[in-house]
Amino acid sequence: MVAVAILAAGRGTRMKSALPKVLHSLAGRSLIERIVNSCLPLHPLRKFVIIGYGGDLVKQSLKSYPDIEFVEQTQQLGTGHAVQQLLPYLEGFEGDLIVLNGDVPLLRPETIELLLTTHKKNRNAATLIAAYLPNPQGYGRVFCDNNNILKEIVEDRDCTPAQKQNRRVNAGIYCFNWPALAKVLPNLKAENDQKEYYLTDAVNYLNPVMVVDIEDYQEILGVNDRKQLATAYNILQTRIKDTWMAAGVTLIDPDSITIDDTVKLYPDVIIEPQTHLRGNTIIQSGCRIGPGSLIENSEIGQNVTVLYSVISDSKIAAGTRVGPYAHLRAHTIIGENCRIGNFVEMKNSKLGEKNNAAHLAYIGDATIGDRVNIGAGAITANYDGINKHPTHIGSGTKVGSNSVLVAPVVLGENVTVAAGSVVTENVPSDSLVIARARQVVKPGWRMKKKDEQKN
Ligand code: UD1
Ligand code: CA
């Protein structure tokens, strides 16, 4: 029987942020979401999240996890005080409690698994994860005997200069025999530099406590300030990119690319430099993305190319070419084998297949059939200053350069719009529409010279 508690009530003063620390985001997921995910494979009987500062926001951010129990720690008096809040919830519980700091986002599920199996095998009162850090500053130091049995944990600010030399640190990841912990929790005292109730003191009271050292110290990095947030981000990026390269994705100049770990890529995708893939983005095989592109929450079909473009909340079907310098905004759906070219902006529009909008166009709130050509400089005027209106363009229609389609308006199939037209009324299929002043030519006309004007 295992329960998990995640400590997430602290403000995270060192972040200097209005947002609770655990809600800061790392490659598409908040710190708290990451730590919650890392304990799910364990299938714990109960999952507690201790909330306090910004508690409602933290709760809200985890609403897709239905069986989390939120425990309020109204005053944040320390990590030990946080765990004390569980006493009424776990009355009579005979199993083990895994405690995870909410600010350790790179922890692997296998490490929690290792913690639990070691704990059970040795029937310890408590077991904790430690590692040797190159720079242990800020962490509690772990002192053991030769059999990895804990002598004590001393917080960084309570260490003597000699103790500070110890690079073996407490990860803030523990497994407790709950009845044993429940017995010592009420005895905690806030007699330390921070005047807080330390969970590490409860650990010090228990016996025997075993320490499990892990090799990859990066896993246990705590995020307390923006610099550590950046460090964790870089480590995560390396993990994500290594995974995709191993799965058959080419990354050209990986250091210049960023990929959220919510992104899904298929083999034989090529990502060019300075490209950023975010949110729930899916890119099918054969695509070439970048250089210089940003894609967010979008689905990209097979063999699409995207060059120096920004795409968000959109869907692009196979074989379409985007860019350079296209901007496809929310709810743009583009069919197969289209060409969306230079300086074209689209929003909330649905296009069929084999359409061309190759240069300088704005398409908003439009429905477009197949094989439509949008000429250079064509615009759907979808906004009358108060409301947005739709434009429909039938298959085979050619919208001449520099025309304005004033919405709401419907163009049928195979319509030709003469260049420079301002179309304000619907146009039936198979017609030519010219909506501009006729050209006037005056033969022999010449501007009078200045001296002629005087006479
Ligand atoms: C803690 C450990 C330290 C360890 C380090 C690892 C203690 C006393 N120290 O220090 O030994 O090396 O983690 O990262 O435990 N929290 C609450 N309520 C509180 C205080 C904190 O829920 O009243 C939460 C915070 O939101 C945070 C976590 O507990 O997620 C850890 O708190 P933090 O203040 O960051 O502890 P550290 O000083 O890093
Ligand atoms: Ca911390």
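Across the interface of domain 1 and domain 2, two salt bridges are found, a salt bridge being a side-chain nitrogen of Lys or Arg within 4 Å of a carboxyl oxygen of Asp or Glu. The structure is a predicted model, in which local features need pLDDT of at least 70, side-chain atom pairs count only at pLDDT 80 or more, and totals for chains, interfaces and linings use all residues. Residues are numbered from 1 along each chain as its sequence is written, chains are lettered from A and ligands numbered from 1 in the order in which they are written, and side-chain values use heavy atoms, with hydrogens and water left out.

- Four residues of domain 1 are in contact with four residues of domain 2, where contact means heavy atoms within 4.5 Å.
- The size of an interface is often given as the accessible area lost when the parts come together.
- Domain 1 and domain 2 bury about 310 Å² between them, 37% of it on carbon and sulfur atoms; buried area is the accessible area (1.4 Å probe) that two parts lose on being put together, summed over both.
- Of the area that domain 1 buries against domain 2, 87% is supplied by Ala27, Gly28 and Arg29, more than by any other three residues.
- Between domain 1 and domain 2, three residue pairs are in polar contact (both at pLDDT 80 or more). A polar contact is a pair of N or O atoms within 3.5 Å; within protein, one must be able to donate a hydrogen and the other to accept it, and residues adjacent in sequence count only if both atoms are side-chain atoms.
- Arg29 forms a salt bridge with Asp261, with the closest N and O atoms 3.3 Å apart.
- A network of salt bridges links Arg29, Glu33, Arg34 and Asp261.

**Helix 1**

- Helix 1 comprises residues 31-39, and eight of its nine residues are buried, so this helix is largely enclosed by the rest of the structure. Helices (H or I, at least four residues) and strands (E, at least two) are DSSP runs, numbered from the N terminus.
- Among the buried residues of helix 1 are Glu33 and Arg34. Buried means under 20% relative accessible area, exposed over 50%, and partly exposed in between (1.4 Å probe, protein chains only).

**The calcium site**

- Asp103 (OD) and Asn224 (OD1) coordinate the calcium ion (ligand 2) at 2.2 to 2.4 Å. Donors are N, O and S atoms within 2.8 Å of the metal (3.2 Å for Na, K and Ca); water is not among the atoms, so sites may look incomplete.
- These residues link distant parts of the chain, 121 residues apart: Asp103 is in the loop between strand 6 (96-101) and helix 4 (109-122), and Asn224 is in the loop between strand 11 (209-213) and helix 8 (226-246).
- Asp103 and Asn224 are both buried.

**Further salt bridges**

- The count of salt bridges by this rule comes to 15.
- Glu219 and Arg108 meet through their side chains in a salt bridge (3.4 Å, N to O). This pair joins the loop between strand 11 and helix 8 to the loop between strand 6 and helix 4, 111 residues apart.
- Glu219 is buried, at 5% relative accessibility, whereas Arg108 is partly exposed, at 26%.
- Arg168 and Asp213 form a salt bridge whose closest N and O atoms are 2.6 Å apart. Arg168 belongs to strand 10 (residues 168-177) and Asp213 to strand 11, 45 residues apart.
- Arg168 is buried at 9% relative accessible area, while Asp213 is partly exposed at 30% relative accessibility.
- The side chains of Glu272 and Arg288 form a salt bridge (2.4 Å, N to O). Glu272 lies in the loop between strand 15 (270-271) and strand 16 (276-278) and Arg288 in strand 18 (residues 288-289), so the pair ties together parts that are 16 residues apart in sequence.

**Two buried residues**

- Thr111 is placed in helix 4 and is buried, at 7% relative accessibility. Neighbours within four places in sequence aside, Thr111 is in contact with Ile129, Ile214 and Glu219.
- Cys159 is found in the loop between strand 9 (150-154) and helix 5 (161-164) and is buried, with a relative accessible area of 11%. Neighbours within four places in sequence aside, Cys159 is in contact with Arg141, Val154 and Lys164.
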